[in-house]
2 protein chains.
Amino acid sequence: MEKSVGVDLGGTKIKIGFFENENLIKSISIDTNLAEKGKFIVSDICKVVNNIYKPNEIKYFGIAVPGPVLDGVVYGAHNLGWETIKLKEEFLKYYSNSKISILNDANAACFAEFFLLPENHKNVLLITLGTGIGAGIIVNRSLYIGSSGAAGEFGHIKVSDGNKRKCNCGLYDCVERYASATGIQLSAVENGLNENISCKEIFDLAKNGEIKAIKSIDLMIKKLSIALAATANILNPDCIIFGGGVSKSSDYFLNKLETEFKKNTFRTNKNVSFKTAKLGNDAGMVGAVLAAKNNIWLKFIRLLIIFMIQIAI
Amino acid sequence: MEKSVGVDLGGTKIKIGFFENENLIKSISIDTNLAEKGKFIVSDICKVVNNIYKPNEIKYFGIAVPGPVLDGVVYGAHNLGWETIKLKEEFLKYYSNSKISILNDANAACFAEFFLLPENHKNVLLITLGTGIGAGIIVNRSLYIGSSGAAGEFGHIKVSDGNKRKCNCGLYDCVERYASATGIQLSAVENGLNENISCKEIFDLAKNGEIKAIKSIDLMIKKLSIALAATANILNPDCIIFGGGVSKSSDYFLNKLETEFKKNTFRTNKNVSFKTAKLGNDAGMVGAVLAAKNNIWLKFIRLLIIFMIQIAI
């Protein structure tokens, strides 16, 4: 029996999943300790893991991180207080027998959701609508991470002419200032709703016809559709999947979003299908483990398949 | 000696290049006959080609087309008057012994320019600034065409809040309404310059300090930088190359564009380098031939190299 661990490292919670073969047998959530620039995060994770599995029995260890990752190095994860950190090396100190994979959290989620799609999908965009907005990209059936591990910074696409809302990244009018949970809350407050209202409450109000809430979500839809249209014009994907906390309210916004998207995108993308993520909050953990398992033989087999397809067409 | 033909099919001119091995030995330009929805275009090309080479001695035949292409089928090329057309089949009627490749013109140009870059480049965006705006994308050292052959529709990214300028595609405020030759002319007229002014004249005026011309090009730079920033946020490329007629004035706008781009893009793209295309108007022809030559053995070798690299890292 093959034991693996998948970790989804978030700014408020860390989810740790324990797998036997393909099955998630246990999942533990702990608070993220942000003290001293997140220096206790790695040891906190190890403590929890070592309570359940012996270090040398873990075959695959995958960690999903909220920041750009290239070759095991995290290039800043501001929600954790991290600057550049050699995370793979850190974990190898504790788990020298494991195959360790570090990847961006949206990429991990995308990888996991992609595995659940029918075989005919090959170019997929996953958008995670949470506190911020991330994206994972599959092109030609492989995860695409870009030149410095920072592909899919969808949340920072500019969607307004003026400099109306400043983003944490230093830019103005990034789509995540309008379409993340935080962005929707900003609009709600601007529209006169209570300052402490949660994103879920805004959606609940909108479903009940409350006009300020509807207006806030309409703005989210409008701005998100512009960034999605731009992205689809570039990637020409076959489907776009929505994950993250806000996607739990997709029954309210997904159809409207698709209609608005089709108004803004080039005609060649009118058939792009919109889906909601299936794995919910587990996607990061599952994707991290899948990526760790995605060893060179799997890569070889996949490249061989791509080669066969290219000969065939 | 290996004989090949590369064709760049434009809305006003068709360029036909005759190659011996790797060398372009002759190039002929003819007017594009748009009569009867472009039905004479293929036979016009064949007449010119057959005057120079015998049909059965042409080993590789590449055709670059201004529209989305998938598996030898062109899905509409409005500048030529074409609806969906099985172009590879059309050419196979005349050149049954040749290896024929049909691809989008921006993709062809991108493919050609990519071959001239140093080995360390693997994710590249080529922007062609002409009458319209196109884009070609290289990801992981391969041409990326998307799910329906329509990746890189960069020209139709929306770059304004209002519905100010209608585009030929039916959408409003596509970047090509501001940053193509046509777009720059529109701005110049709005700013009070003569209706019949050419794009080159606008750049010449701007270089001489004429304020209306400067304002027109500043708007081009501003809007183009927004679309480039969005695209780089998604693709995280290592370089962006500018081709097409407008790029001849890159000495005036490229540095300003790079500065503006860095103001609008996510921090991870601050090191993306800006370059001008080297092949000029030959890029489409050269890329089309290279694509036709890019046979399954080359694909196999490339996949093998990618595989070796993936093992190594």
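In chain B, three residues form the hairpin that links S1(B) to S2(B). Here helices (H or I, at least four residues) and strands (E, at least two) are DSSP runs, numbered from the N terminus. The model is a predicted one, in which local features need pLDDT of at least 70 and side-chain atom pairs count only at pLDDT 80 or more, while totals for chains, interfaces and linings use all residues. Residues are numbered from 1 along each chain as its sequence is written, and chains are lettered from A and ligands numbered from 1 in the order in which they are written.

Strand S1 (residues 3-9) of chain B runs antiparallel to strand S2 (residues 13-20) of chain B, with seven bridges between them; two strands count as paired if DSSP finds at least two bridges. Within this pair, B:Val7 faces B:Ile16 of S2(B). S2(B) also pairs with strand S3 (residues 23-31) of chain B, again antiparallel, over eight bridges. There, B:Phe19 has B:Leu24 in S3(B) as its bridge partner. Two residues lie between S2(B) and S3(B) in their hairpin, where B:Asn21 adopts a positive phi near 50°.

Turning to chain A, domain 1 covers 3-109 + 282-306 and domain 2 covers 117-277, with bounds from an automatic or database domain assignment. Their centres, taken over C-alpha atoms, are 26 Å apart. Domain 1 of chain A brings 13 residues to the contact and domain 2 of chain A brings 16, contact meaning that C-beta atoms, placed from the backbone, lie within 7 Å. On the domain 1 side, strand S5 (69-70), helix H4 (105-115) and helix H11 (296-312) of chain A each supply at least two residues, and H4(A) gives the most, with four residues.

Definitions and conventions. Two residues are in contact if their C-beta atoms, placed from the backbone, lie within 7 Å.
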